[in-house]
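Hi everyone, thanks for coming.

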Amino acid sequence: MSFPVCVTCGVQYAEKPEGDCPICADSRQYVAYGGQQWTTLKDLLGKHHNVFTDIEPRVVSIHSEPAFAIGQRAFLIDTGEGNLLWDCITLLDDATIAGIERRGSITAMAISHPHYYSTMIEWSNAFGGIPIWIHEAERDWICRPAPQVQFWSGYTHKLPGGITLIRSGGHFDGYQVAHWPDGAEGRGALFAGDQPQVCGDRRWVSFLYSYPNMIPFNARQVQAITASLEPFAYERLYGAFGRHVLQDAKGAVARSAERYLRAIS
Ligand SMILES: [Zn+2]
Ligand SMILES: [Zn+2]
């Protein structure tokens, strides 16, 4: 609870790094205007609370109010073979633990990329040291190493309950999304985190190397991301910020990639 947490990205470190938070010093994030600031999970308690939102049958999203750091949402997915926590948020308080226990607890976690590592070890510990599935290409970004971090390699990794982790790369080399075939009444759902990013017009998605600094991809990179998703069927795509593509998400990804490639050519 007293490990240092970066105020800008919300990631918890085993020890305060020398200088700025490495995740924020990278070109995909930023150090806050005014300089690096640190807090702790203990210090956040009572200042924020978490809100549970029913998204579809067997899926609940969890986000903090007032928003903290990047402001992403986590998802609790009842796979039928245990609950998976997809992505993670920094605030973990007693009310959140109780709310999750009431919904059947968590048996595993998986996190799209380092921007959402947050207090993942605290979450794992709170539910008995459950495994956290992360692609091995992100090994160097683990800010608080712990034995429950489980690295996988290759391009896909199956988890219980039909979930497939897909390494789509792009935003981060080991960027992963979660495909759940039971989602959207059996038509499939993709839990995408930051990538593809759901646009303001929710019929569309987009792709950026850096969202805060607006650094685009080249054609080959966009094609690699969409090719990794191509084998999977999904009607819905759930983003990290409460914006979702609820219909024909797979078509939306294909149309959006075409539009992107036209725009950069
Ligand atoms: Zn940071
Ligand atoms: Zn990100």
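By cavity I mean a set of points, on a 1 Å grid over the protein atoms alone, where a 1.4 Å probe fits but cannot get out. Grid points are joined across faces, edges and corners, and a volume is the space filled by probe spheres set on the points.

Before going further, a word on the ground rules. This is a predicted model, where local features need pLDDT of at least 70 and side-chain atom pairs count only at pLDDT 80 or more, while totals for chains, interfaces and linings use all residues. Residues are numbered from 1 along each chain as its sequence is written, chains are lettered from A and ligands numbered from 1 in the order in which they are written, and side-chain values use heavy atoms, with hydrogens and water left out.

Around it sit V11, Q12, Y117, S118, T119, M120, I121, C143 and R144; a lining residue is one with an atom within 4 Å of a point. Five of these lining residues are nonpolar, three polar and one charged. In that count, Ala, Val, Leu, Ile, Met, Phe, Trp, Tyr, Cys and Pro are nonpolar, Asp, Glu, Lys and Arg are charged, and the others, Gly among them, are polar.

There is also open space to look at. The largest pocket has a volume of about 210 Å³, a pocket being an open set with protein on both sides within 12 Å along at least five of seven lines. Of its 13 lining residues, S168, G169, G170, D173 and A224 lie nearest the centre. Helix α6 (residues 219-229) gives the largest share of that lining, five residues. Helices here are DSSP runs of H or I with at least four residues, strands are runs of E with at least two, and both are numbered from the N terminus.

Now for the metals. Which residues hold the zinc ion called ligand 1? Its protein donors are C6, C9, C21 and C24, each through SG, at 2.3 to 2.4 Å. Donors are N, O and S atoms within 2.8 Å of the metal (3.2 Å for Na, K and Ca), and water is not among the atoms, so sites may look incomplete. The angles among the four donor atoms are 104 to 118°, and the site is tetrahedral; for four donors, that takes all angles between 85 and 135 degrees. Along the sequence, the spacing reads C-x2-C-x11-C-x2-C. Both C21 and C24 are buried, meaning under 20% relative accessible area with a 1.4 Å probe and protein chains only.

The zinc ion that is ligand 2 has H113 (NE2), H115 (ND1), H171 (NE2) and D194 (OD) as protein donors, 2.1 to 2.2 Å away. Why is this arrangement called irregular? Because its four donor atoms subtend angles of 94 to 149°. The donors are spaced H-x1-H-x55-H-x22-D along the chain. H171 is buried, at a relative accessible area of 0%, and D194 is buried too, at 5%.

Finally, a look at one strand. In β5 (residues 74-78), four of the five residues are buried.

How values were computed: Four donors count as tetrahedral if all angles lie between 85 and 135 degrees; four count as square planar and six as octahedral if opposite donors are over 155 degrees apart and all others between 65 and 115; anything else is irregular. Buried means under 20% relative accessible area, exposed over 50%, partly exposed in between (1.4 Å probe, protein chains only).
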